[in-house]
Amino acid sequence: MIIAALRRDGVEYTFVEAPNGRDALDLMRTEHPHVVLLDLMMPVVSGWDVLRERADDPELLAIPVIVVSANRDPELATAVDAGICAFLPKPFDISVLKALVRSCLEPAA
């Protein structure tokens, strides 16, 4: 659903999906995506662990991350401090996600 909605946005996005956090980290290192949509609750390696590992790797830290999660833990402030581009709580409006993706892809002023 998310991929289909972003494809309808009229912007050329390339998509890769990871079934777990370990694969997400591997894809981030090999594919160098322009932006990552990250759920905090994933198998094998959690989204929290992805954020921690990302924080220790300057190459990964350069990739904007939008956390998309039903998790509303107060610890989310830590994720924002760790350099995520945005947090989008589930359930969400797809138009908000589209706007956040565009915002995270815009060069910093």
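Cysteine 85 is partly exposed in this predicted model, its relative accessible area being 37%. Its partner is cysteine 104, to which a disulfide joins it with an S to S distance of 1.8 Å. The protein around this pair has 109 residues, of which 37% count as buried, and it contains six helices and three strands.

**The disulfide**

- A search of the whole structure finds one disulfide, and the torsion about the S-S bond of cysteine 85 and cysteine 104 is about -105°, so this disulfide is left-handed.
- Cysteine 85 lies in the loop between α5 (76-81) and β3 (86-89), whereas cysteine 104 belongs to helix α6 (residues 94-105), so the pair ties together parts that are 19 residues apart in sequence.
- Cysteine 104 has a relative accessibility of 8% and counts as buried, because the cut-off for that class is under 20% relative accessible area; cysteine 85, at 37%, is partly exposed.

**Overall make-up**

- Among contacts between residues at least 6 apart in sequence, 54% join residues that are at least 24 apart.
- The accessible surface of the protein comes to about 6,500 Å², and carbon and sulfur atoms account for 56% of that surface.

**The sheet**

- Strands of a sheet pair through backbone hydrogen bonds, and the pairing may be either parallel or antiparallel.
- In this protein three strands form an open sheet with parallel pairing, and their order across the sheet is β1-β2-β3.
- The edge strands are β1 (36-38) and β3, each of which pairs on one side only, and neighbouring strands of the sheet are turned by 25° against each other on average, direction ignored.
- Between β2 and β3 the parallel pairing runs over four bridges.

**Serine 69 within the sheet**

- Serine 69 is found in strand β2, which spans residues 65-69, and at 0% relative accessibility this serine counts as buried.
- The bridge partner of serine 69 in β3 is proline 89, and Pro89 is also one of the residues in contact with serine 69 when neighbours within four places in sequence are left aside.

Terms used: Residues numbered from 1 in each chain as written. Predicted model: local features only at pLDDT ≥ 70, side-chain atom pairs only at ≥ 80, totals over all residues. Heavy atoms only, no water. Helix = DSSP H or I, 4+ residues; strand = E, 2+ residues; numbered from the N terminus. Buried < 20%, exposed > 50% of the residue type's maximum accessible area, 1.4 Å probe, protein only. Contact = heavy atoms within 4.5 Å. Areas by Shrake-Rupley, 256 points an atom, 1.4 Å probe, with all protein chains shown as cover. Disulfide = S-S within 2.5 Å. Pairing = 2+ DSSP bridges. Axes fitted to C-alpha atoms, helices over the stretch in contact; angles between N-to-C directions.
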